[in-house]
Amino acid sequence: MYAGFWKRFLAHLLDYTILFVTIRLIDTLPFVTIGFVSAFVKMPNFLEFVSHLDDVSVRILGAIIIFGPLLLDWLYHTIMESSKCRGTVGKLAAGIVVVDENNEKISFGRANARYWGKIISSVTIFVGYIMAAFTEKKQALHDKIARTYVVNKNWLDYSEYIKQNPSLTEMPVPAPAPGVNRLSVPLNKEEQTKQ
């Protein structure tokens, strides 16, 4: 039912890889653009180009490089986990999703609480993350803060199917005929011919 520590760890590694590659591309894009511009404008090097920029442009470029990765990471986790997907690409690949106490998708606010709670999980020398291996419902510290659960998607799909079809759980098993032992009834035609 609840996703274990190693599944969550593998999902986190996949998400980290996706974000790392994306962030590196975004960080290098301004420098590649400046390189192409300086090649066509015939500026000898990057430093000369920067010297032509005004103070505001340099600050904007610096803010994009510093805060862009954090903004992308925040949007990636909160939007994906509060969407119909109920999890990031890494979680979906691992077959796990994030839900609330009613096994429903979480709200954007709860996804925010979960994301910013990860800072507390990290500050505790990652004890907040390791908690997922030892708590009863496999919750990390940020899950407890946001009141969320990470569950196996297969189990969730099955439980939703049972909720929609309650008659399946109440199927009666017919009683055997009087005097007949259930174990002595032949199971196939070969057994019938032997008797």
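R114 counts as buried because its relative accessibility is 1%, in a model that is predicted rather than determined by experiment. This arginine belongs to a network of salt bridges that also takes in R8, E81, K91 and D143. The structure holds 5 salt bridges in total.

**The salt-bridge network**

- R114 and D143 meet through their side chains in a salt bridge, with an N to O distance of 2.8 Å. This pair links distant parts of the chain, since R114 lies in helix α5 and D143 in helix α7 (residues 141-146), 29 residues apart. Both partners, R114 and D143, are buried.
- The side chain of R114 also meets that of E81 in a salt bridge, at 3.1 Å from N to O. Here helix α5, which holds R114, is linked to helix α3, which holds E81, across 33 residues of the chain.
- E81 has a relative accessible area of 1%, and because buried means under 20%, E81 falls in the buried class.
- E81 forms a further salt bridge with K91, where the side chains meet at 3.2 Å, N to O. K91 is in helix α4 and E81 in helix α3, and the two residues are 10 apart, so that this pair too is described as linking distant parts of the chain. K91 is buried, as is E81.

**Helix α5**

- Helix α5 covers residues 108-123, which makes 16 residues. From its first C-alpha to its last it reaches 23 Å, close to the 22 Å expected at 1.5 Å a residue.
- The buried residues of α5 are R110, A111, N112, R114, Y115, G117, K118 and S121.
- Just after α5, I125 takes a positive phi of about 55°.

**The strands**

- Strand β1 (residues 96-99) is covered on both faces. On one side I96 and V98 are buried, and on the other V97 and V99 are buried.
- In a regular strand, side chains alternate between the two faces of the sheet.
- β1 pairs with strand β2 (residues 149-152) in the antiparallel sense, over 4 bridges. Within this pairing, V97 stands opposite V151 of β2.

**The nonpolar cores**

- Nonpolar side chains tend to be buried together in soluble globular proteins.
- The largest nonpolar core has 7 residues: A3, A11, I96, V98, I106, A111 and V150.
- A second, separate core of 5 residues includes V97, V99, V151 and L156.
- Not counting residues up to four places away in sequence, I96 touches A3, K7, R8, A11, K91, V150, V151, N152 and K153. Of these, R8 and K91 are also members of the salt-bridge network.

**The loop between α3 and α4**

- T88 sits in the loop that joins α3 (55-82) to α4 (89-94). With a relative accessibility of 0%, T88 counts as buried.
- Leaving aside neighbours within four places in sequence, T88 is in contact with D15, Y76, H77, M80 and E81.
- The side chain of T88 makes a polar contact of 2.4 Å with the side chain of D15.
- T88 and Y76 are 12 residues apart along the chain, and their C-alpha atoms are separated by 7.5 Å.
- R86 is found in the loop between α3 and α4 as well. R86 has a positive phi of about 65°, although it is not a glycine. Its relative accessible area is 14%, and R86 is therefore buried.

**The loop between α6 and α7**

- K138 lies in the loop between α6 (127-130) and α7. Phi of K138 is near 55°, a positive value in a residue other than glycine.
- K138 is partly exposed because its relative accessible area is 26%.

How values were computed
Residues numbered from 1 in each chain as written. Predicted model: local features only at pLDDT ≥ 70, side-chain atom pairs only at ≥ 80, totals over all residues. Heavy atoms only, no water. Buried < 20%, exposed > 50% of the residue type's maximum accessible area, 1.4 Å probe, protein only. Contact = heavy atoms within 4.5 Å. Core = buried A, V, L, I, M, F, W, Y, C linked by side-chain atoms within 4.5 Å. Expected span 1.5 Å × (residues − 1). Salt bridge = Lys/Arg side-chain N within 4 Å of Asp/Glu carboxyl O. Pairing = 2+ DSSP bridges. Polar contact = N/O pair within 3.5 Å; in protein donor to acceptor, adjacent residues only side chain to side chain.
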